[in-house]
Structures are given as structure tokens and as C-alpha cells.
Amino acid sequence: EDGYDLWLRYRALPAAQKTALAAAATGIAAPDDTPTVRAAAAELKRGLAGMLGRAPDAIPANAKVRAGTIVLARATLPAGLADADAVRRDLASVGSEGYVVRRTRQDGVPVTLIAANSDIGLLYGSFAWLRQLQLGTAPDGIALADKPALPLRVLNHWDNLDRTVERGYAGESIWNWWELPNIIDPRYTDYARANASLGINGSVLNNVNAKAEVLSPAFIAKAAAIANVLRPYGIRVYLSVRWSTPLELKETKTADPLDPAVAAWWARKADEIYRTIPDFGGFLVKANSEGQPGPQDYGRNHADGANMLARALAPHKGIVMWRAFVYSPPAHPNQVSDRAAQAYDQFKPLDGKFDKNVLVQVKNGAIDFQPREPAHPLFGAMPDTPLVMEFQVTKEYLGFATHLVYLGSLFQETLRFDTRAGNQPMTVARVLEGAQDGRVGGIAGVANIGSSRNWTGSTFDQANWYAYGRLAWNPDLDSRAIAREWAGQTFAPDARVVDPVVAMMMRSREAVVDYMTPLGLHHMMGTGHHYGPAPWVDDLARADWNPVYYHRADKNGIGFDRTAKGSNAVAQYAPEVARRFADPATTPPEFLLWFHHLPWDYRMPDGRTLWTDLVAHYDHGVAEVAAMQAEWQRLRPFVDARRFDDVAQRLAQQQREAAWWRDACIAYFQHQSGLPLPAGVRAPAQPLDYYRKQAFPFAPGHG
Ligand code: BDP
């Protein structure tokens, strides 16, 4: 297998299951012939043909249903349905995108009903039913009623117009801009199917570091061609826009958001886009961030900028997703600044000042997609602004597509983080759902998808796309349960495969934290590429790009002091949360060095010194990768050779690189602390200088 089919493999079922399903899948009765209903019927046919070896027939409208028909019903239920009242009650609770699936009887014969209030609900319900079947559930045992918790569930592609992908590790962009709009790669349809199977309903096609040209008529036409393919699958297209576009295209004299000519330009541009893409979603904006232009260049703030764009889109019901990923160098060289505190400082005062169709998009943590970060304080601080959670599905800081790291655990940890609202618990997930003030936000995942045959560069990175989509649909789902679903569909619904695969996945995130950035350390990755250890780097143009800025290790101690004695970023959390993080004794060990600068002999809860504990974490991370590798070897009899070998090679490389991380970091911190290695600890394989000299502008040559 080459992995192209993702979790939609629809492999033949074992004989006994086949017999039961064959009786429950004799025909498909669909209400009418809209593109979305057609897509649902086509998926059912494809899935059943794969699992049964035979596709069900289409039952013509008005023909009598026969036993085993799959009945798709939108809003109006067919006459003669046995439990129509119960179904109606369920339908009333699943909203415009949800679905109801159940075994029932119509005209006295057993049928499978897939009912929804809209076409897209029928498609989602069809995928949900197929998922259960792939997992080996008997058709009689399937009863579902579900709806998404968030209205906005999008992927952010960091894809450039030249088809390179920023932080992409799975080949070129799937969007073939050169050939669009007249040549349509069938892969776009498969992309839409995979996303619809999870309920993802938006796709931002291009990089947040956007080019002005994406708003040229030629690129709008290309985006429209993609939108035409994605539309039947319920996926709207969005574009990332560059703040200074009208200025750069030489169509205005400034990009000041308060200049009427600028606002008029954007309004005309929005009209032009909507003429070609009537259901266009809106804009994603990275402004005044990492050198991108923005309203602050004209003395205006983020709300001025976002609102101007929002007013251009509002007549068309479009939205603006305005990113809060901002940090600037300190104004004076000796000013103490904390990059982690800056987004809050800039955005908190703007709470309530954004137009209704603006959402502020906040990264999961306050630094930058690290293996572990506490939830961003803005999630607890913007009750009057709808927020979008931004997760990074592509693993920029977690070993690219080489290392096996299941991100379901990371996503879940942030979504369940309790920001507190007054004296009430308030998880990040509830904030996104509008529990505070009814301001409903959304969720965005920086895609890990590319043109590589298996889409994501490695088999296990498909699980991160899958987990992101499932949690976008329902942020309360359990990451282990999601891993089980994924493993059952991706390999086989067989406990001998699923149990060990899930066990590997569930230990993988803690493993990477341990061998890269244990105990709350962060941003120690190599310059630019962010691959491999470089805790020693101290010479970059901006202080807050240097790893030494984040760990501050010297002979006296290690960690970033974010308490009142330091940057006081801790005060950005609600009082109960801030109190817990302000004291090392009540700070969870996994965030210790995120919030505190501590002496090397600080006593950890288990009685060990900080130094001994830190080293133990590095060793544990490496040992965990070894355990994952051993587990995978035992799976050889159950996994096809091609995918097995690929994963095995990646795990072997991860093992080498986990040791590299461990050795380089221990060598460096030992150098900083001047302490001997704890008793019984293996010395790094090479002297510190060896690791410091590993320079790889193009690709690592290590191991
Ligand atoms: C950083 C990436 C950079 C992105 C930036 C962003 O290194 O490539 O442009 O985030 O999110 O993590 O804008």
C-alpha cells in the first residue's frame, strides 16, 4: 500500500461481517440530485464496493424501497418510516450540519436511514456510517446523532504560489497553480473527500506570508476552480492576503486602513472575488508580524485593520480571521521584554473593538508551536471577541515528517486547559464554543498536506490530520479514542494491530517533549529550519530568536522567569491560574522552566535535583523511542511491507536523532552548569563542540 487512500481504504470485510452488511446495503435511495447528495451516494457506493466487493444499486425516486436500502433523507422524512417522530426529534437537535443514522423500517422492510437537515449533513452522516463499518461495527449496532461543536473548522495551507510549502514536509503544494484553472487534478476531489469525512469545512489555500498576486484576477480564477471542486463537499475557500496588496499592485497610494481610497479598493476587490466565488469564505491575515506589513505601519491598530477588511466582506457574508501571532523586538536594547507576553499586550486592549465578522486567530501557545506550551493566555482574556484556535498539524518543531509524534494528545491538552472565568471552570474548548458570551469562534490547523503520494510525508502524520479534523468537529473527543479509530481504519480493525499502534501513538508526544524540550523548556531548535538541537545559539539578529533567550541557563540555574520577579507574563492568566503558575511548588513540572528560573539543585517533587531530573527526562525520551521501535517490529506480521518498512526506517532515524538531541543538550547544559553527570548516566557520545559544529543549511547529514 502506498498510503494514498488515507483512512478511507474500504478494504474487504471478513466473510461473516460481509454477509451482515450485504443484507443491509442492497440499494441507495437519495432525495434528489444535488452535487452534495451525489457525492454522498458516490462515497457510499465506493465504500460498500470496497468492503463487500459489490456496490448497491440506486433506487429510483418513488420506487418502493426494498429490504436493506440505505435511505438518505433531507429534512422531509419518507412516508412509511417506522419511528419518524423519534427521528424528527433527533433531527431537531443536530443543527444544519449534523446527521442522524439509524436502523429502522420503511414500509415494513428494514432500512438504514441517514437523515439530516441539509445536504452536507447527509454527506457527513454517510462518512460517519462508513467509518463505523470500517471499524467492524455490525450495521444493526449503528445508531448515531451528531453535530459539530464549532461552525468554522478550517485548514490553513502555508502554500506559496510557486508551489513550495512553508514548513511543509510532504512534497510540493497540492495546488498546481501553474496548471489551474483549466487543468483539475483529481487529487483535489480526494482531498475534499478526506476533509469532508472529518467535517472540515474551510480551506485557506495560501501561505499567511502572502503575496499580493494572489488577489490578481488570474489567481482568483485559479482559486475559483478549486472552490468548484471543494463546494459539493461543504468546504469553502479562503485566501490569505497581504496587507499592502493595493499599494503593491500600484492601485492605491497607501495601505492606511483609514484612507477611504484603500477601503474602497478592498470593497471592489471583495465584489470581484464574490462574482467568481459566490460562497468565498473570507480572508486570513498575518499583519505586523515577522516583517509582514500591517496597519501599525500607519499608526493604526489591529482592530482598525481587521475592521476595514471586514466591512469589505460583510455585504457578502465573508469573514476575517486576523492572526494574533505578533511579537516585536524590544524598543530599547536594555528593556526586558518577553515574546510570550506580547500578543496579549497588543490584543487584550482591543477586546470588543472588532466588527462582528472578525475572528482573532490565536496559536495554541504564546511562543510558537513548541512540543509543549501552556495554553495561550488570550484564550482566557477576550470574552468579547470570537477566537479561532490555531494548531500546527505540520510538525515544524517536532521532527518534521521523520519523527513519529501523535498530536492528538497535544491538541487535547490545550483544548481542555482551564482558563477559568470568574470562579467557574472554562476550558479553551468552551471559550471557542462561545460559552463565555455567545461569541462562537472556530479552529484552524496548519496543514501537513502535500503532493507526496501518501499526502503527509509519513503514514503516522496522516493521524495528525485525522485527529485535528475529529477534534475540530468535537473538541471533547478523547485523543486515545481518535487514535483507535484512525489505527482501525488505516491498518485493520484488529486488536492485535490497534492496541500496539495506539500504545505507540499515546506515548509519542511525551517522548518528543522529553528528548527535545523537557520540563517546560522551549525553542531550542536549530536556526531557520528548526530541526535538531541548538540550545547554544546566541548570535541571531534578534535576541528573541536565540535559544539562549528562552532557557537562560548558566552556572546558577535554568529557565525563563515569567513571575512577578521576571516578565510577569504569568499575570496574563486568570488569577487562580496565575497563582498556580507563580509558585514553582504548584506549577506542574511540565511547565516548570516555562515560568521559573531555578537553581540546578532545586528539589523536584520526587526528591531529585532539577539537574538530575532534567537529565532523566532526556534519557526517558530516548528510551521511549526505543520502546516504540520495538513495538513496531512486533507488528511486522500485520502490516503491509511497504508501509511497515517506511515506518520502521523513520523510527530508526528518530532513535538516532532522539539520542542526538539528548547528547547535545546534556553536553551543553553540563557545560553551562559546570555540574558532573548524575551517577550512572551515560556521557554524551561526542564533546559539545561536535554538536555545535553540526551545520546543515540543506539537510541534516547526521547519524
Ligand atoms: C513560525 C514559522 C514561520 C511562520 C510563522 C507564522 O517558523 O514559518 O511564518 O510561524 O505562523 O512558526 O506566521
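Guide: Happy to: we begin at the ligand and then turn to the salt bridges. Please keep in mind that this is a predicted model, where local features need pLDDT of at least 70, side-chain atom pairs count only at pLDDT 80 or more, and totals for chains, interfaces and linings use all residues. Residues are numbered from 1 along each chain as its sequence is written, and side-chain values use heavy atoms, with hydrogens and water left out.

Around the ligand you will find 14 residues, the closest being Glu166, Lys286, Arg323, Asp368 and Glu396; a residue belongs here if one of its heavy atoms lies within 4 Å of the ligand. This shell is made up of eight charged, four nonpolar and two polar residues. In this sorting, Asp, Glu, Lys and Arg are charged, Ala, Val, Leu, Ile, Met, Phe, Trp, Tyr, Cys and Pro are nonpolar, and the others, Gly among them, are polar.

Look at the ligand's oxygen atoms next. For Lys286, a polar side-chain atom is 2.6 Å from an oxygen of the ligand, and an N or O atom in the Arg323 side chain is 2.6 Å from a ligand oxygen. On its own the ligand exposes 320 Å², of which the protein buries 97% (Shrake-Rupley method, 1.4 Å probe).

Now for the charged pairs. Side chains of opposite charge can pair when their charged atoms come close. The whole structure holds 52 salt bridges, each a side-chain nitrogen of Lys or Arg within 4 Å of a carboxyl oxygen of Asp or Glu. One of them joins Arg193 and Glu43, at 2.7 Å from N to O. Arg193 belongs to helix H5 (residues 187-198) and Glu43 to helix H2 (residues 35-52), so this pair ties together parts 150 residues apart in sequence. Helices here are DSSP runs of H or I with at least four residues, numbered from the N terminus. Arg193 is buried at 7% relative accessible area, and Glu43 is buried at 2% (buried means under 20%, exposed over 50%, partly exposed in between, with a 1.4 Å probe and protein chains only).

Arg650 is partly exposed at 25%, and Asp646 is partly exposed at 23%.

Methods: Polar contact = N/O pair within 3.5 Å; in protein donor to acceptor, adjacent residues only side chain to side chain. Helix = DSSP H or I, 4+ residues; strand = E, 2+ residues; numbered from the N terminus.
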